[in-house]
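Here are a few exercises to work through with the model open in your viewer. Try each task before you read its solution.

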Amino acid sequence: MFIEHWEIERRAERIDTRPFVQWGSTLYVLPWAASNAWRIMLSYLWDARLPWPEEMLGAKAARALEAIRQKRNLELERECAQAIAHPLLKVRSNVLPRKA
């Protein structure tokens, strides 16, 4: 079963991204989960995302991450359009969802 990232990000607490567990006044470190958390965090940052609900990030951080993702998406779209450009093909890029 595959779970989309936005479903996972709705949860504020995940051991995969926080290898620390507080039980009462004691903080436990889960060393076997630390390297996994490191890889997961790098993956999220590479994708200009964070593994927490948008409400926890704040509006300013959420907008900044969304702007980075949009910029990357437009760059990829331009690169794809250039890669398939051919006199016999009609290529349209930057098509908005409501115009598609």
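**Exercises on a helix and a hairpin**

**Exercise 1.** Find the exposed residues of α2, then work out how its buried residues are arranged around the axis.

*Solution.* Keep in mind that this is a predicted model. Start with the exposed side, where you will find Pro31, Trp38 and Trp46. Next, collect the buried residues of α2: Ala33, Ala37, Ile40, Met41 and Tyr44. Looking down the axis of α2, these buried residues fall within an arc of 100°, so they line one face of the helix.

**Exercise 2.** Check whether the length of helix α2 agrees with 1.5 Å a residue.

*Solution.* Helix α2 covers residues 31–46, which is 16 residues. The expected span uses one less than the number of residues, so at 1.5 Å a residue the helix should span 22 Å. Its end C-alpha atoms are 23 Å apart, which agrees. Just after α2, look at alanine 48, whose phi is positive at about 60°.

**Exercise 3.** Describe how strands β1 and β2 are joined.

*Solution.* Strand β1 takes in residues 20–23, and β2 residues 26–29. The two strands run antiparallel, with 4 bridges between them. Within this pairing, valine 21 stands opposite tyrosine 28 of β2. The hairpin has 2 residues between its strands, and glycine 24 has a positive phi near 65°.

**Exercise 4.** Is leucine 27 buried or exposed, and which surface patch does Leu27 belong to?

*Solution.* Leucine 27 lies in β2. Its relative accessible area is 55%, and the cut-off for exposed is over 50%, so leucine 27 is exposed. Leu27 forms a nonpolar surface patch with Phe20 and Val29, and together they have about 310 Å² of accessible area.

Conventions
Residues are numbered from 1 along each chain as its sequence is written. This is a predicted model: local features need pLDDT of at least 70, side-chain atom pairs count only at pLDDT 80 or more; totals for chains, interfaces and linings use all residues. Side-chain values use heavy atoms; hydrogens and water are left out. Buried means under 20% relative accessible area, exposed over 50%, partly exposed in between (1.4 Å probe, protein chains only). The arc is that of the directions from the helix axis to the C-beta atoms. Patches are made of residues with over 30% relative accessible area and no salt bridge: like charges are joined within 9 Å, nonpolar side chains (Val, Leu, Ile, Met, Phe, Trp, Tyr) within 5 Å. Accessible areas come from the Shrake-Rupley method with a 1.4 Å probe; for residues, only the protein chains shown count as cover. A salt bridge is a side-chain nitrogen of Lys or Arg within 4 Å of a carboxyl oxygen of Asp or Glu. Two strands pair if DSSP finds at least two bridges between them.
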